[in-house]
Amino acid sequence: MRMSAGPLRRTVAAVVGGVLAAAGLLAGCGGDGSSDSRGAPRPAAEVETLPEPVTPAFVPGAPELLADVESLAWWSPVERPVVARAAPGADARAVARLEARTPEGTRNIVAVLGRRRDGKGALWVRVRLPVLPNGTVGWVPRETLGGYGSVRTRLVVDLERLTATLYRDGRAVFGADVGVGQPANPTPTGEFYVRNKLRRYANAFYGPVAFGTSARSPTLTDWPAGGFVGIHGTNRPELLPGRVSHGCIRLRNDDILRLERLMPVGTPVTIR
Amino acid sequence: MPTEHPTPIIAELDRDGAIEEALAAAGGTTRRGFLAAALAGAGALAGFPETADAARGPKRDTAILNYALVFEYLQAGFYTEAESIGTIRAMGAERETWARTLGAHERAHVTILKDVLGRKAVARPFFDYRGVTEDGDAFTRTAVAMEDLTVALLAGQAPRVSDRSLRAAFFSLLTVEARHAAWARRITGFRPVAAAFDEPKTLAAVDRVVRSTRFLVSRPSRESRRSPRFTG
């Protein structure tokens, strides 16, 4: 039921007046502001002169319940070099050594897949590793990682159709033709993630932007800096789409610039 | 039945005892710490003397709004992370309702403060909750401390807002945060109302407490200008 301002104000004034009167009686008519100088309760008419509440400058919207957490993917920076293990626990078999920096000088990040406590109560995190063989996962102590970042994007590279599609919250928001590895140096398939972004370098071969991924060439293992697979532009757009690269995923320059605006570092990459 | 808790649970965040020192410095100015860094470029609230009338005005109001926004980012991120990775879901129905509700409120607070500040809003900092969001007990205890601290923060800053309609909005945020704090205390078995009077905290006090948590960290570098050496 809505009440107009006039009756509501009179009602409030009457209630407040009554309360003040009671307070005056209980307080022995002391000079606490609830009674006049003769000890009489303050009349309701005087209360009506009290100002209205100040209108707030802003009012928050409805509570924002978290929706669709399933589409979130998590990543975390490696804070210090650490040996990833096959299970949560310092005694478990070593899987790979993780460095705190990438060959490009950025902070090394890992995709976070889960967490568990070991027998001593220490928290371990299951992470996807940027090592060969591709697809390797391992466990690292929680304290060797930094904060968690999250993304709602996922890139799918289809080696048969020679396309890359970016999804956000499950909906396609970007699509482009790509160049992928030649048969002798195939682009690896599996689950990976974007671990850095390079810009403003002076090398037209890679176009204006290059994303580094956790994927590594299974054939070019002695390639400088470890043979990582990138997602980048090109100075040979006429070759796309095609099987033309040494394993990297090449896009036309306008496409990679568009993708740069949409795909944050940490985005999972599925190559199939 | 709620247990007695004679001292504010904020002490749990004050690992190095910094708050004791900071509280003694009531009326002082902040050092260049967590909030000062977060507010760089958006009007350094930390530079305003707490009692200087000359500093009153829209600029300080903006700084206070950004100060509140950083704190709301901190809280919203805390609840969002714990909910997203499943910690909250595993805590039982009552605690799940509590934590999901508070997270939804804090996210709404972030949204409105960003809207109000527009281009002057500070960017979301990067947080490392250091495993606290991954442990139900640690999460709830820290949530209590955070809500208590937010009440003390807003109680200290709301009266400093010069625009009265903005001040009114701040007081409405303050009362909601106080309800959050009471709910969080009740959930964890602490007495919902710690004392008969909520002591406002200075910027220095809040700054020291937040710094002691080490939740606010540098954003990891993920971009470089080095020439790629990918396989091509």
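1. In this predicted model, 16 residues of domain 1 of chain A are in contact with 19 residues of domain 2 of chain A. Strand S1 (73–77) and S4 of chain A each supply at least two residues of the domain 1 side. That side has 8 nonpolar, 6 polar and 2 charged residues. The domain assignment places domain 1 of chain A at 72–150 and domain 2 at 152–271, and their C-alpha centres are 24 Å apart.

2. Between the chains, 55 residues of chain A are in contact with 42 residues of chain B. On the chain A side, strands S4 (109–117), S12 (190–199), S13 (209–216) and S14 (228–232) each supply at least two residues. By class, the chain A side comprises 30 nonpolar, 17 polar and 8 charged residues.

3. S12(A) pairs with strand S3 (residues 223–224) of chain B in the parallel sense, over 2 bridges. Within S3(B), Glu223(B) is the residue opposite Lys197(A).

4. Inside chain A, strand S9 (residues 163–168) and strand S10 (residues 171–177) pair in the antiparallel sense over 6 bridges. One of the bridge partners is Ala176(A) in S10(A), which stands with Ala164(A). S9(A) and S10(A) make a hairpin with 2 residues between them, and in the turn Asp169(A) has a positive phi of about 50°.

5. Most residues other than glycine have a negative phi, and most peptide bonds are trans. Asp68(A), not a glycine, has a positive phi of about 55°; Asp68(A) sits in the loop between helix H2 (44–47) and S1 of chain A. The peptide bond from Leu132(A) to Pro133(A) is cis, with omega near -5°, and Pro133(A) belongs to the loop between strand S5 (123–128) and strand S6 (137–141) of chain A. Another cis bond joins Leu240(A) to Pro241(A), with omega about -10°. Pro241(A) is in the loop between S14 and strand S15 (242–245) of chain A.

6. Chain B contains a helix pair. Two packed helices are described by the angle between their axes and the distance between the axes. For helix H3 (residues 58–84) and helix H4 (residues 93–117) of chain B, the angle is about 145° and the axes are 8 Å apart. The crossing of H3(B) and H4(B) is left-handed. Their contact has 13 nonpolar, 6 polar and 6 charged residues.

7. On confidence, the model scores ipTM 0.79 and pTM 0.80. Chain B has a mean pLDDT of 80, with 76% of its residues at 70 or more. Within chain B, confidence is highest in H4(B), at 96, and lowest in helix H1 (residues 18–23), at a mean of 34. The pLDDT is below 50 over residues 1–55 of chain B, although this stretch has 110 contacts in the model beyond near neighbours in sequence. Where pLDDT is low, the predicted coordinates should not be read in detail.

Note on methods
Residues numbered from 1 in each chain as written. Chains lettered and ligands numbered in written order. Predicted model: local features only at pLDDT ≥ 70, side-chain atom pairs only at ≥ 80, totals over all residues. Axes fitted to C-alpha atoms, helices over the stretch in contact; angles between N-to-C directions. Helix = DSSP H or I, 4+ residues; strand = E, 2+ residues; numbered from the N terminus. Left-handed = near helix turned anticlockwise from the far one by under 90°. Nonpolar A, V, L, I, M, F, W, Y, C, P; charged D, E, K, R; others polar. Contact = placed C-beta atoms within 7 Å. Pairing = 2+ DSSP bridges. Domains from an automatic or database assignment. pLDDT = per-residue confidence, 0-100.
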